[in-house]
Amino acid sequence: MTADAFTIQWVLEKIKNEYPDDIALAVIHNPTKLTPNDDHFGFFIPVTKRGEQLARTFILEGVGLDVWGVSWERVENFAALNEYYVGVLPDAEVIYARTPADAQRFEALQKLCLANLADPIRSRRAALESFERAKGIFTDLMFADSPSDLRCGAGYVLDFLARAIAFTNHTYFKLAQMDQLTELARMENVPAGFTELYTKVMNETDGERQIALCREIIALTGGFLEAQSPAHEPPERNFQDLSDWYAELAYTWLRIRHYTSIGRADMAFMSAIMLQNELYEVCADFGLAKMELIDAWNPADPAALVARADALEQQMREIIVSHGAVIHEYATQEAFLREV
């Protein structure tokens, strides 16, 4: 009997003899096995503190094994695509269930996981979250102080970018990180050049070059994800909300003009980056074309930033009014008092 087969038998006997009321479910998860003709233990779901005591890790006959306890709440997170290794849920096979209801609950979560992968909104959210993880790891990569830190970070940049592509294809990697290039080759919608860049990043031994390649593959994936953005517009926008946003941010436009006029370029710059971030968010929320402000920044020509800010403000005002919203503004204090 192999170590894997022995472990499965041992777990089942322990549950039936010592934890019949403490463990709801046990599953095998064959995609993680090393030997093709043997099942591999996946995880169990404890429902009491006592049931959690079954968990242990050990090495048996040279094979590292993990009797892993997972709560129902975490299984629900797998189904919601909120966990790293999504495939551990749909690819699992129940080998023990305390009750038929426990088995049905698990099977329902497996179906929910697949439904969420198929859902364009949920799968896109998961893809964008993976992309953001990759960018965050890349930021840390810039400060890596050893080849190990650098190569490990580069590997996880690849991993999370590949996951973003898998989610875009409404699927997941059956072997997590293990064989992504093979699994990517089976997907229909993969950005041109991605697998080639993936291989270059993996094989690059020069640190600076590896960082540059990571930046390149992030940019490639970012463009790919942007091109996959849904064409339809979000429903029921309330442009009066946009007007209220403008009224709140109008003071920031004023600050840019004021600080530029008194020669405080630093304060104008910081005001501009704040306004730029707000513009990014509000344009996305209201389905507006991206408004670029900070690219006009030039310390040798501060007036260029003011001119761009003025043009964007006028554009925003026209958008608000054209959609029937009202800009609540008053030329005098008396005018304000008359209305309010």
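**Ground rules**

I worked on a predicted model, with residues numbered from 1 along each chain as its sequence is written, and with local features needing pLDDT of at least 70, side-chain atom pairs counting only at pLDDT 80 or more, and totals for chains, interfaces and linings using all residues. Side-chain values use heavy atoms, with hydrogens and water left out. I took helices (H or I, at least four residues) and strands (E, at least two) as DSSP runs, numbered from the N terminus.

**Entry 1: the sheet**

I looked up the strand order. The sheet is open, has three strands and reads S2-S1-S5, with antiparallel pairing. Two strands pair if DSSP finds at least two bridges between them. Strand S2 (41-46) and strand S5 (93-97) are the edges, each pairing on one side only. On average, neighbouring strands here are turned by 20° against each other, direction ignored.

Next I checked the bridges. Strand S1 (residues 23-28) is joined to S5 by four bridges, and the two run antiparallel. Ala 26 has Tyr 96 in S5 as its bridge partner. Two helices pack on this sheet. Helix H1 (residues 3-18) touches S1, S2 and S5, and its direction makes about 30° with that of S5. Helix H4 (residues 100-118) also touches S1, S2 and S5, and its direction makes about 50° with that of S1. Angles run from 0 to 180 degrees between N-to-C directions, and axes are lines fitted to C-alpha atoms, for helices over the stretch in contact.

Leu 25 is bridged to Ile 45 in S2.

Buried means under 20% relative accessible area, exposed over 50%, and partly exposed in between (1.4 Å probe, protein chains only).

**Entry 2: H6 against H8**

I turned to helix pairs. Two packed helices are described by the angle between their axes and the distance between the axes. Helix H6 (residues 147-168) and helix H8 (residues 194-203) have axes that come within 10 Å and cross at roughly 165°. That makes H6 roughly antiparallel to H8. The cut-offs are under 35 degrees for roughly parallel, over 145 for roughly antiparallel, 65 to 115 for roughly perpendicular, and oblique for the rest.

I then listed the contacts, meaning heavy atoms within 4.5 Å. From H6, Ala 154, Leu 158, Leu 161, Ala 162 and Ile 165 meet Phe 194, Tyr 198, Val 201 and Met 202 of H8. The H6 contact with H8 has nine nonpolar residues, no polar and no charged ones. I counted Ala, Val, Leu, Ile, Met, Phe, Trp, Tyr, Cys and Pro as nonpolar, Asp, Glu, Lys and Arg as charged, and the others, Gly among them, as polar.

**Entry 3: H6 against H9**

H6 also packs with helix H9 (residues 207-227), at an angle of about 15° and with axes 11 Å apart. That makes H6 roughly parallel to H9. Residues of H6 in this contact include Leu 150, Arg 151, Val 157 and Thr 168, and those of H9 include Gly 207, Gln 210, Cys 214 and Phe 224. The tally is 13 nonpolar, four polar and one charged.

**Entry 4: H11 against H12**

Helix H11 (residues 265-286) and helix H12 (residues 302-322) pack at about 30°, with axes 12 Å apart. They are therefore roughly parallel to each other. Ala 268, Ala 272, Leu 279 and Val 282 in H11 meet Leu 305, Leu 312 and Met 316 in H12. I noted seven nonpolar residues in the contact of H11 with H12, no polar and no charged.

**Entry 5: two residues**

Ile 137 sits in helix H5 (residues 120-141). Ile 137 counts as buried, at 17% relative accessibility. What does Ile 137 touch, not counting residues up to four places away in sequence? Gly 153, Tyr 156, Val 157 and Phe 160 are its contacts. Between Ile 137 and Ala 309 I noted 172 residues in sequence and 33 Å in space, C-alpha to C-alpha.

Ser 243 lies in helix H10 (residues 239-261). Its relative accessible area is 1%, so Ser 243 is buried. Leaving aside neighbours within four places in sequence, Ser 243 is in contact with Ile 320, Ala 325, Val 326, Ile 327 and His 328.
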